[in-house]
Amino acid sequence: MPWSKLKNIILMILLVTNLCLLVLVGGQELQNSRLKSRAREDTIQLIRGRGVQVEENLIPQSMTLRPQTVQRDLDWEERTAAALLGTPVVAESRGGEVYRYFNPKGYVQFHSDGAFSAQLNPSDFPLGEDRRQGCLELMENMGLKGVILDETEDALLFRQTWEGKPLFSQQVTMVCREGGLASITAGRQLVGRPQEDPTRHTISIATALIEFVNGVSALGDVCNRIDGIEEGFVTAASLSGPTVLTPVWRVTTDTGAYQLDTVTGGVTRVF
């Protein structure tokens with residue numbers, strides 16, 4: 001048989017084999033999806049049977065958030081500070097892994113645990129008629145997206161988001177004076193780009209629901225109704241290692257709010 005015909009036969013066999021493998025893998029994925037969906041529905045009925053009312057549309061269909069880590073990047077911190085203050089900025093090590101970046105407009109300071117602060121000349125950072133929007137734009141200029149949670153006469157509470165999801169532990173107070181931003185105090189921000197952590201994995205939706213109900217009971221609380229679930233992250237930083245982002249559920253109920261760690265299943269109260 002000529003080599004050209006034999007080569008075509010081999011290619012055809014490989015093509016058919018790949019198609020069969022694709023169908024097999026696709027069938028397994030579909031079956032797994034159906035099993036997870038059934039487990040979710042059965043668990044919703046189970047917790048209802050235990051006296052906890054919940055609308056099915058409140059429960060996430062899947063665990064979309066994955067554990068992440070962020071390595072500290074001093075160059076990124078300097079670029080972030082310069083984006084707010086303008087260039088050039090002077091970098092200053094203040095010991096204890098604390099770095100300050102400054103110029104005549106003010107300074108921005110970063111700590112290894114994510115603590116973040118700034119002292120600014122308000123006249124250099126006018127907020128305009130809508131100071132909420134002005135504050136959001138200044139933070140976004142630094143690459144820090146988020147939302148305003150609360151507002152008082154002279155301050156706004158800003159919470160950071162990443163890819164549209166709240167970073168519950170990353171909040172700062174933005175102090176306003178004379179129509180401009182005067183300082184950023186009392187909080188933490190995440191600077192850098194998170195990367196997925198292959199060493200940690202989330203539990204299933206069904207397991208999360210059971211862990212939540214059991215965890216609330218273990219705290220000595222009584223929950224009769226789930227009113228809402230918000231997915232997001234909490235962070236933990238170390239002096240020498242990366243910042244760890246753990247996906248969580250913030251669950252509001254008829255008797256209070258709770259946080260469910262979707263890696264360990266641990267439940268804590270939110271105050």
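A: What follows starts with the whole chain, then moves into the core, its strands and its ring pairs.

The model is a predicted one. Its chain has 271 residues, and 39% of them are buried. The secondary structure comes to 4 helices and 14 strands. Take the contacts in the chain with a separation of 6 or more: 53% of them are between residues 24 or more positions apart. The accessible surface is about 15200 Å². Carbon and sulfur atoms hold 53% of that surface.

Now the core. The largest nonpolar core has 28 residues. Those with the most contacts inside it are V108, F116, M139 and L181. At least two residues each come from α2 (74-85), β3 (99-103), β4 (106-110), β5 (116-120), α3 (131-141), β7, β8 (165-177) and β9 (180-185). Helix α2 gives the largest share, 4 residues.

Look at V108 next. Leave aside its neighbours within four places in sequence. V108 is then in contact with A81, L84 and L85, among others. Its contacts also include Y99, R100 and Y101. F116, S117 and A118 complete the list.

Of the 6 residues of β9, 5 are buried, so the strand is largely enclosed by the rest of the structure. Which strands pair with β9? One of them is β5, which pairs with β9 in the antiparallel sense over 2 bridges. A118 has I184 in β9 as its bridge partner. Strand β8 also runs antiparallel to β9, and 5 bridges join the two. R177 has G180 in β9 as its bridge partner. β8 and β9 form a hairpin, with 2 residues between them. E178 sits in the turn and has a positive phi of about 55°.

Stay with β5 for a moment. L120 lies in this strand. Is L120 buried or exposed? Its relative accessible area is 7%, and the cut-off for buried is under 20%, so L120 counts as buried. What does L120 touch, not counting residues up to four places away in sequence? The list includes L84 and L85, which V108 also contacts. L120 touches K105, G106, Y107 and F125 too. L120 and I184 are 64 residues apart in sequence, yet their C-alpha atoms are 8.4 Å apart in space.

Next come the rings. The structure holds 4 aromatic pairs. W162 and F233 form one of them, and this pair is edge-to-face. The centres are 6.0 Å apart, with 70° between the planes. The pair links distant parts of the chain: W162 is in strand β7 (residues 155-162) and F233 is in strand β11 (residues 226-236), 71 residues apart. W162 and F233 are both buried.

F212 is buried, at 2% relative accessible area. Y258 is buried too, at 3%.

Ring pairs also join Y101, F110 and F116 into a cluster. F116 is one of the residues with the most contacts inside the largest core.

R100 lies over the face of Y107, 3.7 Å from the ring centre. R250 has its charged end over the ring of F168, at 4.2 Å from the centre.

R40 lies in helix α1 (residues 3-49). R40 is buried, with a relative accessible area of 3%. Not counting residues up to four places away in sequence, R40 touches E56, I59, P60, Q61, I205 and A206.

Note on methods. Residues are numbered from 1 along each chain as its sequence is written. This is a predicted model: local features need pLDDT of at least 70, side-chain atom pairs count only at pLDDT 80 or more; totals for chains, interfaces and linings use all residues. Side-chain values use heavy atoms; hydrogens and water are left out. Rings of Phe, Tyr and Trp (its six-membered ring) pair if their centres lie within 6.5 Å; planes under 30 degrees apart count as stacked, over 60 as edge-to-face and the rest as tilted. Buried means under 20% relative accessible area, exposed over 50%, partly exposed in between (1.4 Å probe, protein chains only). A charge sits over a ring if NZ of Lys or CZ of Arg is within 6 Å of the ring centre and within 35 degrees of the ring normal. A nonpolar core is a set of buried Ala, Val, Leu, Ile, Met, Phe, Trp, Tyr and Cys residues joined through side-chain atoms within 4.5 Å. Contact means heavy atoms within 4.5 Å. Two strands pair if DSSP finds at least two bridges between them. Accessible areas come from the Shrake-Rupley method with a 1.4 Å probe; for residues, only the protein chains shown count as cover.
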